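Hi there,

Here is the structure I promised to pass on to you. Have a look at it first, and then read my notes below.

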Amino acid sequence: MDIFSQVVQPSQIDVPSNAVADPIFQTSVYAFHSVKQVDAILTGLETGYTYTRGKNPNVEALGQLMARLEGAEGAVVTASGTASVLAALLALSPEPASIYLAREIYGGTVGLCRRVLEPLGYRVQWVDGHDPGACDAVFANGPGVLVVESLSNPLGRVSPLDTLIPTAHARGIKVLVDNTFATPFHVTPFKWGADVVVHSATKFIGGHSDVVLGVIVGSEQITHAAQDIVDMAGFTPDPFAAWLALRGARTLALRMERQSDNAFKLARALETCSAISAVYYPGLPSHPDYEIAQKLFVRGFGAIVSMRLRQGFDAVERMVQRLQWVRMVPSLGDVTTTVSHPVVASHRELSREERAWVGIDEGVVRISVGIESIEDIIADFRQALEAIS
Ligand SMILES: *Cc1c(COP(=O)(O)O)cnc(C)c1O
């Protein structure tokens, strides 16, 4: 063979099947000896892989783990958490209907509903998920999907899934629960009747800020519909991203155990700082959802602590600059402690009035608590806050 042909020949290695870690199937497509075999796989008569937009072993491995953790029949992995929210909404409501957004929903989800779904004919309406009676009145506007987060960003509001989901179902409304912040370590929404659970695996599932990925979890029927949308719309993740997220997910339980323990301790320490007017953590008796959190959460209350600084934006800017090693990062869920400013980052999609309704202003700082020693975490915030008070 000529060198021009030699260089493109397939490698001759036997792929070992006893590798301890999953091999990465970084291939877009597979080769076949027979046309009939391709036809059999594509019609579903034979199992196998043909093209990675639809199916890939690394992606399936992550999906299987997520289905087990959430206690559901199946899962679909997508290229981002946002793609998961969109594919799940389209699977639940293929035709334009009402989308009821719980007040504290992630700003990106609000943007997706307003800028992508509303122009297609979906009607987006706000509800106060903490008041199922008031929700019921709004739900009378017609069938559709309620989008709610088990644990909200940034104020740690806990949705009363035990009463809210039956209220929605009684009106024929499906319920999508975004479980990104709580993770299945703390909350399993299917226990309370959720129709679909979604995750931004970019956050705690991956856990290392090195991948953008999403997961949809649910019944075989709903994940089948979502998988079809992911394949047809091309919301497919990269195999290496799925591999990285699965590797990260191996330590999910250990990380969450440590991070939620650290978060609780940090929340209590911050309560004594004079520069702070409020600390938001659902494990604290002062939190408005303390009671419901006791009912829905197991093994702690998550890794996110927020606080409001008395002197608003200027104090936030000074604190961020004085933190010695805690970095300002407009995301969350890493093994290291980070801070973010919701008004500037996660909630920029909301108007000033909407933010006031949610309870966020420029003095609010969100902390994603990491696995470091709690003494070091408290010390960095203490010195930064003492410098501004
Ligand atoms: C980050 C986030 C999303 C969006 O996920 P991406 O992976 O960034 O697309 C959705 N919901 C919540 C609660 C999030 O924090």
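**What turned up**

Searching the whole structure gives 1 cavity of 30 Å³ or more. A cavity here is a set of points, on a 1 Å grid over the protein atoms alone, where a 1.4 Å probe fits but cannot get out. The largest cavity holds about 40 Å³ of space, a volume being the space filled by probe spheres set on the points, which are joined across faces, edges and corners.

Please keep in mind that this is a predicted model, where local features need pLDDT of at least 70, side-chain atom pairs count only at pLDDT 80 or more, and totals for chains, interfaces and linings use all residues. Residues are numbered from 1 along each chain as its sequence is written, and side-chain values use heavy atoms, with hydrogens and water left out.

The lining of the largest cavity (residues with an atom within 4 Å of a point) includes Glu-104, Glu-149 and Arg-157.

Finally, the domains: an automatic or database assignment gives domain 1 (35-249) and domain 2 (252-386). Their C-alpha centres are 25 Å apart.

Enjoy exploring!

Terms used: On a 1 Å grid over the protein atoms alone, a cavity is a set of points where a 1.4 Å probe fits but cannot get out, and a pocket is an open set with protein on both sides within 12 Å along at least five of seven lines; lining residues have an atom within 4 Å of a point.
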